[in-house]
Amino acid sequence: MIQKRRTNLYKSGEIFNVSRSKIDFFLECPRCFYLDRKLGITRPSMPGWSLNSAVDILLKNEFDKFRELRRPHQLMVDYNIPAIPFWHKDLYIWRDDIGKKIGALVLHKKTNLNIHGMIDDVWENTQTQELHIVDYKSTSTDGEVSLNGEYKDGYKRQMEVYQWIFRQLGFKVSNIGYFVYANGIKDSGKTFNDRLEFKTKVIPYQADDSWIEPTILEIKKCLDSQETPESNPKCEHCAYKKLIDGESLKKQKILI
């Protein structure tokens, strides 16, 4: 029996939190988003990526050392990026070092929706004083890491939401964001010896956050609706449920 969630549900007239990941959720399938955020019917959860989280923490700790020194990290030097890790008193909140699952947050006044997301890092351009939003990624592939691929469009949207949030917070933000990509080497020619080696690459991304404002308005419209929206034809979860419901109906007819 499905147990409906009774907390963190949308109620018209009240301020409601919508995270960066939930914006992507809405774009993936409005129906699944509506069922989750308004009716409390949540998709089956996925296991966490603990190795990726470990890499994130190691990178944050490393860049924090250079943040304290107000000096560029060697990767910035190697990729000719005129920047240093940005220091701000609220950085620990934006990165969610305190574990509240909120991060950087701004109220979208037109909709009464709190838009928020947990960033990995921010760099400050030493020439323009603009901020560069930075996201850490880790993988293990034989080929060269890149931003090509359908699922990586989500990475790009993630970057753009973060840039939008920081602009709403009053910061001067560059359209160029950076992905610090750590690629685990599968065959280094050495024994494992309890060590996994990585090759790290910095990938610049020219972002465009113009889609975010109209999307937030569509999310508000969806949440205020009294009718469950149609699912995305490409939604695997909806397709699976439809298939299961169909098979269940067939079995009932057989029993009758």
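Helices (H or I, at least four residues) and strands (E, at least two) are DSSP runs, numbered from the N terminus. The model is predicted, so local features need pLDDT of at least 70 and side-chain atom pairs count only at pLDDT 80 or more, while totals for chains, interfaces and linings use all residues. Residues are numbered from 1 along each chain as its sequence is written, and side-chain values use heavy atoms, with hydrogens and water left out.

**Helix pairs**

Axes are lines fitted to C-alpha atoms, for helices over the stretch in contact, and angles run from 0 to 180 degrees between N-to-C directions.

| Pair | Axes come within | Crossing angle |
|---|---|---|
| Helix 6 (residues 153–168) and helix 7 (residues 212–224) | 11 Å | roughly 95° |
| Helix 2 and helix 7 | 10 Å | roughly 60° |
| Helix 1 (residues 20–28) and helix 6 | 10 Å | roughly 130° |

Angles under 35 degrees count as roughly parallel, over 145 as roughly antiparallel, 65 to 115 as roughly perpendicular and the rest as oblique. The axes of helix 6 and helix 7 cross at roughly 95°, which means that helix 6 is roughly perpendicular to helix 7. Contact (heavy atoms within 4.5 Å) is made here by Glu 160, Val 161 and Trp 164 of helix 6 with Ile 212, Glu 213 and Ile 216 of helix 7. By class, this contact has four nonpolar, no polar and two charged residues; Ala, Val, Leu, Ile, Met, Phe, Trp, Tyr, Cys and Pro count as nonpolar, Asp, Glu, Lys and Arg as charged, and the others, Gly among them, as polar.

With helix 2 and helix 7 the axes cross at roughly 60°, and therefore helix 2 is oblique to helix 7. The crossing is right-handed, a term for the near helix being turned clockwise from the far one by less than a right angle (left-handed if anticlockwise). Pro 30, Phe 33, Tyr 34 and Arg 37 of helix 2 touch Ile 219, Cys 222 and Leu 223 of helix 7. Six nonpolar, no polar and one charged residues make up that contact.

Helix 1 and helix 6 cross at roughly 130°, so helix 1 is oblique to helix 6. This crossing is also right-handed. Arg 20, Ile 23, Asp 24 and Leu 27 of helix 1 meet Gly 154, Arg 157, Gln 158, Val 161 and Tyr 162 of helix 6. The classes are four nonpolar, two polar and three charged residues.

Val 161 of helix 6 is in the contact with helix 7 and in the contact with helix 1.
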